[in-house]
Amino acid sequence: MTNRNQRIESIAAQATEWRRELHRHPQTVFEETFASDFICSKLTEWGIPHERGIATTGVVATIEGRRNHSGRTIAFRADIDALDVIEQTGQPWASLTPGKMHACGHDGHTATLLTLAKYLNDTRNFDGLIRLIFQPGEEAGKGAHQMLREGLLERFPFDEIYGYHNWPTLPRGTFAIKPGPMLASVDVFQIRLHGKGGHAAMPHATLDVIPAAAQLVLALQTLVSRETDPMANAVLSVTNLTAGTGAANVIPGLATLTGTVRTFNKDVRDHLQSRMASMVKSIGIMFRLTAEFDYTRLIDPVINHAQETEYCREAAAAIVGPDKVESMEPIMGGEDFGGFLEQRPGAFIVIGQGEADPASPHNRGLHNPGYDFNDAILPTAASYFAELAERRLAID
Ligand SMILES: [Zn+2]
Ligand SMILES: [Zn+2]
């Protein structure tokens, strides 16, 4: 145990430099060539077999244990992508690319998985195989599904999968997890109402989209307030409503509404999607408009498997003590890790990175331009994964 802590501490000291190097070179969805090259150069240096080019910039590494009698394989996943954010941290390792930033800490998740790779490859104190999945395009909600579509499960089979996210609102070193729904599904929609534009003084000669759009926004609100079980959780937000040119005397011929739908429940998700479609169609009929409805299911909810959640709790408690492993409240934010959990047992955990100083960049919210990953949690996160790996693939 102590031996492991020392090893991981010493790798994590270098990993801080890796994390900052990754931070300097942020790239977004499926363009993460810097991170991909960086990961592969480390894996090559350590002699760890890996394949790249899965979902464009994704990388999967495989490490075999000292024994491989169990026939079992455990996967750990890190996301590698950044965001379209103008960085304002003022850190010496701030983004060198204007308008792109690692504002969600995926640079830290990547450095954690590299730390784990180095440690597991050096020690191999397990019976079976470990897969390390470096996943692109999380922020767009596309990377996990794209890796699965490109045959992740067939080419690199695994029995269980685990991941984590840094969490600025929890104190550094505190873990939080829950079985079942933890993060919501994320869907997006666009509605277009086509009418006939014309003179504002002659509405009877137009097909006005404005009253229709207004009624539609109000009607959509009733899908959550009147049709969804109050004990279920759902959000339907219309976030953009566009019509008109700014002229006061012109009735527009097109209104566009976009927004997002979030829930944990598959039936609620199906119901909201189908009822939205029928409301849009009905509004079209009611106001003599042509109504178009596009609905995209972006991210599946993160629904932790009960038994695997327990394994995570035990591993986290072994690292930081049971009093620092909290029960997570579900939140309506999304994570495309849920796509893996639809296919294989596993669980997702959050690891606190908040500091006592409220002005610390580690306390700023995810996606905030002043946010920075806290390198102090690198050894904690890597030790947690190592503990989980050595427990799930214990050499008896
Ligand atoms: Zn994010
Ligand atoms: Zn993130």
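The protein comprises ten helices and 16 strands. The model is a predicted one.

**Overall dimensions**

The C-alpha trace extends over about 80 × 45 × 40 Å along the principal axes of the protein. A compact globule of 396 residues would have a radius of gyration near 21 Å, and the 24 Å of the protein agrees with that value. Buried residues account for 48% of the 396 residues. Of the contacts between residues at least 6 apart in sequence, 81% join residues at least 24 apart.

**Helix pairs**

| Helix pair | Residue ranges | Angle | Axis separation |
|---|---|---|---|
| α8 and α10 | 306-320 and 378-392 | about 125 degrees | 9 Å |
| α2 and α3 | 33-46 and 106-123 | roughly 10 degrees | within 11 Å |

Helices α8 and α10 pack at an angle of about 125 degrees, which makes α8 oblique to α10. The crossing of α8 past α10 is right-handed. On the α8 side, the contact is formed by Y311, C312, A315, A316, A318, I319 and V320, while α10 supplies T380, S383, Y384, E387, L388, R391 and R392. By class, the residues in this contact of α8 with α10 are nine nonpolar, two polar and three charged.

The axes of α2 and α3 cross at roughly 10 degrees. An angle under 35 degrees counts as roughly parallel, and α2 and α3 are therefore roughly parallel to each other. Helix α2 contributes A35, I39, K42, L43 and W46 to the contact, and helix α3 contributes T110, L114, A117, K118 and N121. Six nonpolar, two polar and two charged residues make up the contact of α2 with α3.

Residue I177 lies in strand β6, which covers residues 175-177. Is I177 buried or exposed? With 22 other C-beta atoms within 10 Å, I177 is buried, the threshold being 20 or more. Leaving aside residues up to four places away in sequence, I177 touches N304, T309, C312, R313, M328, A347 and I349. One of these, C312, also belongs to the α8 side of the contact with α10. A316, another α8 residue of that contact, is 139 residues from I177 in sequence, and the C-alpha atoms of I177 and A316 are 10.0 Å apart in space.

How values were computed:
Residues are numbered from 1 along each chain as its sequence is written. Chains are lettered from A and ligands numbered from 1 in the order in which they are written. This is a predicted model: local features need pLDDT of at least 70, side-chain atom pairs count only at pLDDT 80 or more; totals for chains, interfaces and linings use all residues. Axes are lines fitted to C-alpha atoms, for helices over the stretch in contact, and angles run from 0 to 180 degrees between N-to-C directions. Helices (H or I, at least four residues) and strands (E, at least two) are DSSP runs, numbered from the N terminus. Angles under 35 degrees count as roughly parallel, over 145 as roughly antiparallel, 65 to 115 as roughly perpendicular and the rest as oblique. A crossing is left-handed if the near helix is turned anticlockwise from the far one by less than a right angle, and right-handed if clockwise. Two residues are in contact if their C-beta atoms, placed from the backbone, lie within 7 Å. Ala, Val, Leu, Ile, Met, Phe, Trp, Tyr, Cys and Pro count as nonpolar, Asp, Glu, Lys and Arg as charged, and the others, Gly among them, as polar. The radius of gyration is taken over C-alpha atoms; the globule rule is 2.2 Å times the number of residues to the power 0.38. A residue is buried if 20 or more other C-beta atoms lie within 10 Å of its own, exposed if 12 or fewer, and partly exposed in between; C-beta atoms are placed from the backbone.
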